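Here's a walk through one structure, piece by piece. Have the model open while you read.

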Amino acid sequence: MQDICFSPAQTLRCPGGRVLDLRHPRVMGILNLTPDSFYEGSRVASEADLLRRAEAMLRAGAAVLDLGSYSSRPGADDISVDEEKRRLLPALEAVRRAFPEAFLSVDTFRAAVAVEAVAAGADVLNDISGGTLDADMLPTAGRLGVPYILMHLRGTPQTMTQHTHYEGDLVLELIRYFRDKLTTLRTHGVTDVVLDPGFGFAKTPAQSHELLRRLHELSLLNLPVLAGMSRKSMVYKPLGLQPEAALAGTIALNTLALRGGARLLRVHDVAEAVQTIQLVSNTFPPTSTPISP
(Lines give C-alpha, C1' and ligand atoms only; values in the text may rest on other atoms or scores of the structure.)
Protein backbone atom coordinates (compact mmCIF):
# COMPACT_ATOMS: atom_id res chain seq x y z
CA MET A 1 0.00 0.00 0.00
CA GLN A 2 1.30 3.46 -0.85
CA ASP A 3 2.36 5.88 1.90
CA ILE A 4 -0.68 7.99 2.63
CA CYS A 5 0.38 9.33 6.02
CA PHE A 6 2.58 12.02 4.50
CA SER A 7 1.36 12.61 0.96
CA PRO A 8 2.46 15.48 -1.34
CA ALA A 9 2.21 19.06 -0.13
CA GLN A 10 -1.22 20.59 0.28
CA THR A 11 -2.08 24.14 1.27
CA LEU A 12 -5.11 26.28 2.06
CA ARG A 13 -5.19 29.84 0.73
CA CYS A 14 -6.64 32.15 3.36
CA PRO A 15 -7.63 35.85 3.36
CA GLY A 16 -4.84 38.38 3.09
CA GLY A 17 -2.70 36.10 0.97
CA ARG A 18 -1.77 33.88 3.90
CA VAL A 19 -1.28 30.16 3.34
CA LEU A 20 -2.00 27.38 5.83
CA ASP A 21 0.61 24.71 5.14
CA LEU A 22 -0.65 21.13 5.38
CA ARG A 23 2.43 19.40 4.03
CA HIS A 24 2.55 17.70 7.40
CA PRO A 25 -0.34 17.09 9.80
CA ARG A 26 -1.41 20.02 11.96
CA VAL A 27 -3.62 20.60 14.98
CA MET A 28 -6.89 22.53 15.22
CA GLY A 29 -7.74 23.63 18.76
CA ILE A 30 -11.41 23.70 19.82
CA LEU A 31 -12.77 26.85 21.49
CA ASN A 32 -16.36 26.18 22.58
CA LEU A 33 -18.56 29.23 23.10
CA THR A 34 -21.60 27.15 23.99
CA PRO A 35 -22.89 26.63 27.54
CA ASP A 36 -23.85 23.00 26.83
CA SER A 37 -20.91 21.39 25.03
CA PHE A 38 -20.75 17.61 25.59
CA TYR A 39 -17.31 18.02 27.23
CA GLU A 40 -17.69 20.36 30.18
CA GLY A 41 -13.98 21.03 30.39
CA SER A 42 -14.02 22.78 27.00
CA ARG A 43 -16.64 25.41 27.87
CA VAL A 44 -15.37 28.99 27.89
CA ALA A 45 -16.46 31.00 30.92
CA SER A 46 -15.47 34.56 29.94
CA GLU A 47 -13.47 36.61 27.45
CA ALA A 48 -10.44 36.41 29.72
CA ASP A 49 -10.81 32.62 29.86
CA LEU A 50 -11.19 32.50 26.07
CA LEU A 51 -8.00 34.47 25.47
CA ARG A 52 -6.11 32.41 28.04
CA ARG A 53 -7.17 29.19 26.34
CA ALA A 54 -6.41 30.56 22.87
CA GLU A 55 -2.92 31.63 23.92
CA ALA A 56 -2.22 28.28 25.56
CA MET A 57 -3.31 26.42 22.43
CA LEU A 58 -1.20 28.57 20.14
CA ARG A 59 1.84 28.22 22.41
CA ALA A 60 1.33 24.46 22.44
CA GLY A 61 1.46 24.38 18.64
CA ALA A 62 -2.08 24.73 17.32
CA ALA A 63 -2.07 25.76 13.66
CA VAL A 64 -5.76 26.74 13.71
CA LEU A 65 -8.25 27.78 16.38
CA ASP A 66 -11.84 26.68 15.73
CA LEU A 67 -14.53 28.81 17.37
CA GLY A 68 -18.10 27.56 17.57
CA SER A 69 -21.20 28.87 19.32
CA TYR A 70 -23.82 26.32 18.21
CA SER A 71 -23.68 23.04 20.10
CA SER A 72 -23.81 20.08 17.71
CA ARG A 73 -23.82 17.35 20.35
CA PRO A 74 -26.63 14.82 19.82
CA GLY A 75 -29.95 16.28 20.90
CA ALA A 76 -28.61 19.75 21.67
CA ASP A 77 -31.10 22.62 21.65
CA ASP A 78 -31.47 24.61 18.47
CA ILE A 79 -30.65 28.31 18.83
CA SER A 80 -31.46 31.29 16.63
CA VAL A 81 -29.10 32.91 14.16
CA ASP A 82 -29.03 36.02 16.34
CA GLU A 83 -28.07 34.01 19.43
CA GLU A 84 -25.32 32.22 17.53
CA LYS A 85 -23.94 35.57 16.37
CA ARG A 86 -24.22 37.05 19.87
CA ARG A 87 -22.07 34.28 21.27
CA LEU A 88 -19.61 34.05 18.38
CA LEU A 89 -18.79 37.46 16.96
CA PRO A 90 -17.47 39.29 20.04
CA ALA A 91 -15.34 36.28 20.91
CA LEU A 92 -13.99 36.01 17.38
CA GLU A 93 -13.16 39.71 17.30
CA ALA A 94 -11.38 39.44 20.66
CA VAL A 95 -9.24 36.50 19.53
CA ARG A 96 -8.43 38.22 16.24
CA ARG A 97 -7.31 41.39 18.06
CA ALA A 98 -5.18 39.46 20.53
CA PHE A 99 -3.64 37.07 17.99
CA PRO A 100 -3.60 38.82 14.59
CA GLU A 101 -1.38 36.17 12.97
CA ALA A 102 -3.43 33.15 14.06
CA PHE A 103 -5.50 31.13 11.62
CA LEU A 104 -9.11 31.21 12.85
CA SER A 105 -11.91 28.87 11.81
CA VAL A 106 -15.61 29.28 12.59
CA ASP A 107 -17.79 26.25 13.20
CA THR A 108 -21.15 27.18 11.68
CA PHE A 109 -23.62 25.83 9.13
CA ARG A 110 -25.40 29.15 8.60
CA ALA A 111 -24.50 31.46 5.72
CA ALA A 112 -25.55 34.62 7.56
CA VAL A 113 -23.21 33.76 10.42
CA ALA A 114 -20.41 32.89 8.01
CA VAL A 115 -20.62 36.27 6.28
CA GLU A 116 -20.27 38.24 9.51
CA ALA A 117 -17.63 35.89 10.89
CA VAL A 118 -15.36 36.33 7.87
CA ALA A 119 -15.85 40.10 8.11
CA ALA A 120 -14.80 39.83 11.76
CA GLY A 121 -11.59 38.02 10.88
CA ALA A 122 -12.32 34.33 10.28
CA ASP A 123 -10.04 32.56 7.80
CA VAL A 124 -11.84 29.23 7.37
CA LEU A 125 -15.45 28.00 7.37
CA ASN A 126 -16.09 24.72 9.18
CA ASP A 127 -19.57 23.49 8.18
CA ILE A 128 -20.81 20.33 9.89
CA SER A 129 -23.70 20.07 7.45
CA GLY A 130 -21.86 20.25 4.13
CA GLY A 131 -24.41 22.83 3.02
CA THR A 132 -27.43 20.62 3.74
CA LEU A 133 -28.88 22.80 6.52
CA ASP A 134 -28.63 26.15 4.71
CA ALA A 135 -29.01 26.31 0.93
CA ASP A 136 -27.07 29.59 0.86
CA MET A 137 -23.96 28.21 2.54
CA LEU A 138 -22.10 26.79 -0.46
CA PRO A 139 -22.61 29.81 -2.75
CA THR A 140 -21.74 32.05 0.20
CA ALA A 141 -18.49 30.15 0.75
CA GLY A 142 -17.65 30.77 -2.88
CA ARG A 143 -18.35 34.48 -2.62
CA LEU A 144 -16.32 34.82 0.55
CA GLY A 145 -13.32 33.10 -1.01
CA VAL A 146 -12.18 31.25 2.10
CA PRO A 147 -11.24 27.59 2.62
CA TYR A 148 -14.19 25.36 3.42
CA ILE A 149 -14.29 22.28 5.67
CA LEU A 150 -16.85 19.91 4.19
CA MET A 151 -18.29 17.44 6.71
CA HIS A 152 -20.59 14.47 6.23
CA LEU A 153 -23.85 14.62 8.19
CA ARG A 154 -27.32 13.18 7.79
CA GLY A 155 -30.25 14.89 9.47
CA THR A 156 -29.56 17.64 12.01
CA PRO A 157 -27.76 17.70 15.36
CA GLN A 158 -31.18 17.16 16.92
CA THR A 159 -32.09 14.13 14.73
CA MET A 160 -28.79 12.63 13.54
CA THR A 161 -28.95 9.66 15.92
CA GLN A 162 -32.01 8.53 13.95
CA HIS A 163 -30.04 8.42 10.68
CA THR A 164 -27.36 5.81 11.38
CA HIS A 165 -28.71 3.12 9.05
CA TYR A 166 -26.74 2.84 5.79
CA GLU A 167 -28.11 0.59 3.06
CA GLY A 168 -24.75 0.03 1.41
CA ASP A 169 -21.09 0.44 2.17
CA LEU A 170 -20.51 3.28 4.67
CA VAL A 171 -17.23 4.55 3.24
CA LEU A 172 -18.42 4.28 -0.34
CA GLU A 173 -21.44 6.38 0.58
CA LEU A 174 -19.15 9.03 2.06
CA ILE A 175 -16.96 9.07 -1.04
CA ARG A 176 -20.02 9.56 -3.26
CA TYR A 177 -21.33 12.27 -0.93
CA PHE A 178 -18.02 14.14 -1.04
CA ARG A 179 -17.73 13.70 -4.82
CA ASP A 180 -21.15 15.26 -5.40
CA LYS A 181 -20.59 18.08 -2.90
CA LEU A 182 -17.21 18.88 -4.43
CA THR A 183 -18.81 19.24 -7.83
CA THR A 184 -21.27 21.75 -6.36
CA LEU A 185 -18.54 23.61 -4.51
CA ARG A 186 -16.50 23.95 -7.68
CA THR A 187 -19.48 25.48 -9.49
CA HIS A 188 -19.60 28.12 -6.76
CA GLY A 189 -15.88 28.85 -7.03
CA VAL A 190 -14.71 27.10 -3.86
CA THR A 191 -11.29 25.59 -4.54
CA ASP A 192 -9.70 25.08 -1.11
CA VAL A 193 -11.52 22.23 0.64
CA VAL A 194 -10.85 19.96 3.61
CA LEU A 195 -12.87 16.76 4.04
CA ASP A 196 -14.29 15.80 7.43
CA PRO A 197 -15.90 12.32 7.56
CA GLY A 198 -17.95 13.38 10.59
CA PHE A 199 -17.03 10.88 13.27
CA GLY A 200 -20.06 10.46 15.54
CA PHE A 201 -22.38 12.46 13.29
CA ALA A 202 -25.15 10.12 12.12
CA LYS A 203 -22.79 7.27 12.91
CA THR A 204 -22.73 4.83 15.80
CA PRO A 205 -19.46 4.26 17.69
CA ALA A 206 -19.03 1.00 15.75
CA GLN A 207 -19.55 2.79 12.42
CA SER A 208 -17.11 5.50 13.44
CA HIS A 209 -14.50 2.85 14.22
CA GLU A 210 -15.07 1.25 10.83
CA LEU A 211 -14.62 4.65 9.22
CA LEU A 212 -11.39 5.17 11.14
CA ARG A 213 -10.04 1.78 10.01
CA ARG A 214 -10.78 2.73 6.41
CA LEU A 215 -9.89 6.42 6.56
CA HIS A 216 -7.13 5.91 3.99
CA GLU A 217 -9.79 5.24 1.35
CA LEU A 218 -10.71 8.93 1.36
CA SER A 219 -7.29 9.62 -0.18
CA LEU A 220 -8.97 8.78 -3.51
CA LEU A 221 -10.37 12.32 -3.43
CA ASN A 222 -6.88 13.85 -3.16
CA LEU A 223 -7.84 16.43 -0.53
CA PRO A 224 -6.70 16.94 3.06
CA VAL A 225 -8.78 15.14 5.68
CA LEU A 226 -9.73 16.41 9.13
CA ALA A 227 -10.25 13.94 11.97
CA GLY A 228 -12.46 15.16 14.81
CA MET A 229 -12.68 12.43 17.44
CA SER A 230 -11.58 14.30 20.55
CA ARG A 231 -13.24 12.83 23.66
CA LYS A 232 -16.27 11.68 21.62
CA SER A 233 -18.48 8.68 22.36
CA MET A 234 -16.49 6.49 19.96
CA VAL A 235 -13.61 7.00 22.40
CA TYR A 236 -15.22 6.85 25.82
CA LYS A 237 -18.19 4.50 25.37
CA PRO A 238 -16.18 1.38 24.43
CA LEU A 239 -14.03 2.07 27.51
CA GLY A 240 -16.98 2.62 29.85
CA LEU A 241 -15.81 6.15 30.61
CA GLN A 242 -17.01 9.73 30.33
CA PRO A 243 -15.51 12.49 28.12
CA GLU A 244 -13.44 13.84 31.02
CA ALA A 245 -11.49 10.56 31.16
CA ALA A 246 -11.06 10.07 27.42
CA LEU A 247 -7.75 11.81 26.71
CA ALA A 248 -5.66 8.64 26.44
CA GLY A 249 -8.22 7.05 24.13
CA THR A 250 -8.29 10.18 22.00
CA ILE A 251 -4.51 10.04 21.60
CA ALA A 252 -4.71 6.41 20.55
CA LEU A 253 -7.35 7.03 17.89
CA ASN A 254 -5.61 10.17 16.63
CA THR A 255 -2.52 8.04 16.06
CA LEU A 256 -4.57 5.72 13.86
CA ALA A 257 -6.09 8.71 12.05
CA LEU A 258 -2.62 10.01 11.23
CA ARG A 259 -1.66 6.63 9.86
CA GLY A 260 -4.83 6.78 7.76
CA GLY A 261 -3.82 10.08 6.19
CA ALA A 262 -5.44 12.77 8.37
CA ARG A 263 -3.91 16.23 7.92
CA LEU A 264 -5.80 18.08 10.66
CA LEU A 265 -6.57 16.81 14.14
CA ARG A 266 -9.43 18.76 15.72
CA VAL A 267 -8.90 18.43 19.46
CA HIS A 268 -9.53 19.85 22.90
CA ASP A 269 -6.01 18.94 24.08
CA VAL A 270 -3.53 20.60 21.75
CA ALA A 271 -0.18 19.78 23.36
CA GLU A 272 -0.93 16.06 23.40
CA ALA A 273 -2.04 16.10 19.75
CA VAL A 274 1.11 17.98 18.70
CA GLN A 275 3.23 15.39 20.50
CA THR A 276 1.29 12.59 18.81
CA ILE A 277 2.05 14.07 15.40
CA GLN A 278 5.73 14.44 16.25
CA LEU A 279 6.05 10.82 17.36
CA VAL A 280 4.14 9.44 14.37
CA SER A 281 6.30 11.58 12.07
CA ASN A 282 9.49 10.28 13.67
CA THR A 283 8.35 6.66 13.67
CA PHE A 284 6.86 6.60 10.18
CA PRO A 285 8.82 9.03 7.98
CA PRO A 286 7.73 9.60 4.37
CA THR A 287 9.62 6.59 3.05
CA SER A 288 8.05 4.19 5.55
CA THR A 289 5.22 1.79 4.80
CA PRO A 290 2.14 2.63 6.87
CA ILE A 291 0.03 0.14 8.77
CA SER A 292 -2.30 -1.95 6.63
CA PRO A 293 -5.97 -1.40 7.46
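## Around H4

The buried residues of H4 have a cover that includes H3, E6, E7 and H5. A word of caution before going on: this is a predicted model. The buried residues in question are Met137, Leu138, Thr140, Ala141 and Gly142.

How do H3 and H4 sit against each other? The axes of H3 (residues 111–119) and H4 (residues 137–144) come within 9 Å and cross at roughly 15°. Angles under 35 degrees count as roughly parallel, so H3 and H4 are roughly parallel to each other. The crossing of H3 past H4 is right-handed. On the H3 side, the contact is made by Ala111, Ala114, Val115 and Val118, and on the H4 side by Met137, Thr140 and Leu144.

## The sheet

Now for the strands. Eight of them form an open sheet with parallel pairing, in the order E8-E7-E6-E5-E4-E3-E10-E9. At the edges are E8 (193–196) and E9 (226–227), each of which pairs on one side only. H5 packs on this sheet, where it touches E7 (148–151) and E8, and the direction of H5 makes about 150° with that of E7.

E5 (residues 103–107) and E6 (residues 124–127) are a parallel pair with three bridges.

## Strand E4, covered on both faces

E4 (residues 64–68) is mostly covered, with five of its five residues buried. In a regular strand, side chains alternate between the two faces of the sheet. Here both faces are covered: Val64, Asp66 and Gly68 are buried on one side, and Leu65 and Leu67 are buried on the other.

E4 also has a partner on each of two pairings. Five bridges join E3 (residues 26–32) to E4, and the two run parallel. Leucine 31 has leucine 67 in E4 as its bridge partner. Another five bridges join E4 to E5, again running parallel, and here valine 64 has phenylalanine 103 in E5 as its bridge partner.

## The nonpolar cores

Which residues touch the most other members of the largest nonpolar core? They are Leu65, Leu67, Tyr148, Leu150, Leu195 and Leu265, out of 79 residues in that core. H5 (residues 170–187) provides the largest share of this core, with eight residues. Apart from this core lies another one of 13 residues, including Leu20, Leu22, Val124 and Val194.

Not counting residues up to four places away in sequence, leucine 65 touches Gly29, Leu31, Ala54, Met57, Leu58, Val95, Phe103, Leu104 and Ser105.

## H8 against H9

Two packed helices are described by the angle between their axes and the distance between the axes. For H8 (residues 247–259) and H9 (residues 270–283), the angle is about 40° and the axes are 10 Å apart. That makes H8 oblique to H9. H8 passes H9 in a right-handed crossing. H8 brings Leu247, Ile251, Thr255, Leu258 and Arg259 to the contact, and H9 brings Glu272, Thr276, Ile277 and Val280.

Threonine 250 also belongs to H8. Is threonine 250 buried or exposed? Its relative accessible area is 3%, and under 20% counts as buried, so threonine 250 is buried. Leaving aside neighbours within four places in sequence, threonine 250 is in contact with Met229, Ser230, Arg231 and Val235.

## Two positive phi values in loops

Most residues other than glycine have a negative phi. Asparagine 222 has a positive one, near 55°. Asparagine 222 is in the loop between H6 (205–213) and E9, and with a relative accessible area of 63% it is exposed.

Arginine 231, one of the contacts of threonine 250, is also not a glycine and has a positive phi of about 60°. Look for arginine 231 in the loop between E9 and H7 (233–236). Its relative accessible area is 4%, so arginine 231 is buried.

Notes:
Residues are numbered from 1 along each chain as its sequence is written. This is a predicted model: local features need pLDDT of at least 70, side-chain atom pairs count only at pLDDT 80 or more; totals for chains, interfaces and linings use all residues. Side-chain values use heavy atoms; hydrogens and water are left out. A nonpolar core is a set of buried Ala, Val, Leu, Ile, Met, Phe, Trp, Tyr and Cys residues joined through side-chain atoms within 4.5 Å. Buried means under 20% relative accessible area, exposed over 50%, partly exposed in between (1.4 Å probe, protein chains only). Helices (H or I, at least four residues) and strands (E, at least two) are DSSP runs, numbered from the N terminus. Contact means heavy atoms within 4.5 Å. Two strands pair if DSSP finds at least two bridges between them. Axes are lines fitted to C-alpha atoms, for helices over the stretch in contact, and angles run from 0 to 180 degrees between N-to-C directions. Angles under 35 degrees count as roughly parallel, over 145 as roughly antiparallel, 65 to 115 as roughly perpendicular and the rest as oblique. A crossing is left-handed if the near helix is turned anticlockwise from the far one by less than a right angle, and right-handed if clockwise.
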